Amino acid sequence: MQLGADHVRVRVPATSANLGPGFDALGLALALHDVLEVRALASDDVVVDVEGEGAGEVPGDESHLVVRALRAALDVAGAPQTGLHLTCVNRVPHGRGLGSSAAAVVAGIVAARALVADPSVLDDDVALGLATAIEGHPDNAAPAVLGGATVAWESGTPGAGARAVRLDVHPDLRATVLVPSARLATSRARGVLPAHVPHADAAFNAGRSALLVEALTRRPDLLLDATDDRLHQGYRAGVMPTTSELVRALRARGLAATVSGAGPTVLVLAAAERLDEVAGVADELVGGSADWSVRRLDVDTRGVVAERL
């Protein structure tokens, strides 16, 4: 497989995983994007320029996550490796539960897809499988690839890998995110989860996850009940107490608040007509605090997109 282009641009959305009860399965793409440009170089050099989130922090060499994902995708495609010049404009916050690492991995894979002569060898199924192999689970990668809301799972069929289905969310659905200045490593948030949970809690979450599919696609009025969780958020309260208290306070006001991914961002899902209500409660709870920012976000319905330049 040869390269078919030497300069491509990729836009990839932020994502929120779990959405309350759908632990490691449900995800949502949000209209907040990282933009990546990749130039293939005739030399073996690797240059990574970063603007925005992660500037001055993330590696500028082969160890950069986008570079690693891109090289893995080129190998899968059977394409030659090449020198690379990456320009990353990062708007997805790092370490906040908005899928920044999944965005980087998916961007690298899809950049490789745009570079190779036959992009079909890195179609969405292959991209999701490779992203999951790198990320460890598909809940953020699936909405980053497909857009909208997604249900993702690891197939029990040998060799089938990760799979996902896309849900067309209700056109009135909107997201509000309360993003803290502090970060939280996903490994720390996962480390406090128990190895076993009560059967009643597992059954509760199974029912709420099924209800959430209906709420996301047809019945936003059911979002408060549908986003209730007993499987992970309570166990994580100790490592993000302010986040946990905000979720509790928002839900007490009748708003469908959850921890976004592994946290510590708070996600509130609501129909468009309730956005002012969400904003008012959010302002009451964190308004004026330098430690929190509040943003309204549409649902990203396209997922990752790429173009040859």
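Start by selecting V38: setting aside neighbours within four places in sequence, its contacts (heavy atoms within 4.5 Å) are D6, H7, V8, L70, L84, H85, L86, A111 and L115. Before moving on, note that this is a predicted model, where local features need pLDDT of at least 70, side-chain atom pairs count only at pLDDT 80 or more, and totals for chains, interfaces and linings use all residues. Residues are numbered from 1 along each chain as its sequence is written, and side-chain values use heavy atoms, with hydrogens and water left out.

V38 sits in strand 2; helices (H or I, at least four residues) and strands (E, at least two) are DSSP runs numbered from the N terminus. Is V38 buried or exposed? V38 counts as buried because its relative accessibility is 0%, and buried means under 20% relative accessible area (1.4 Å probe, protein chains only).

**Next stop: the largest pocket.** Select G99, S100, S101, A102 and E135, which lie nearest its centre among 42 lining residues. A pocket here is an open set of points on a 1 Å grid over the protein atoms alone, where a 1.4 Å probe fits, with protein on both sides within 12 Å along at least five of seven lines; lining residues have an atom within 4 Å of a point. Which element gives the most to the lining? Helix 2 does, with 6 residues.

Now colour residues P93 to A103, which an unreviewed UniProt entry annotates as "binding site"; such annotations may be inferred rather than shown by experiment. The pocket lining includes P93, H94, G95, R96, G97, L98, G99, S100, S101, A102 and A103.

Zoom in on L98, in the loop between strand 4 and helix 2. L98 is buried, with a relative accessible area of 1%, and its contacts beyond four places in sequence include V177, V179, S260 and T265. Then click A103 in helix 2, which touches V12, P13 and D34, leaving aside neighbours within four places.

**Last stop: helix 8.** Jump to R248, whose C-alpha is 43 Å from that of V38. Select residues 241-252 to see helix 8, which has 12 residues. Its buried residues are T243, L246, V247, A249, L250 and R251, and among the elements covering them are strand 7 (173-180) and helix 9 (275-286). Just after helix 8, look for G254, which takes a positive phi of about 85 degrees. To finish, select 222-279, where the unreviewed UniProt entry places "domain: GHMP kinase C-terminal"; this stretch is 36% helix and 17% strand.

Notes: Expected span 1.5 Å × (residues − 1). Buried < 20%, exposed > 50% of the residue type's maximum accessible area, 1.4 Å probe, protein only.
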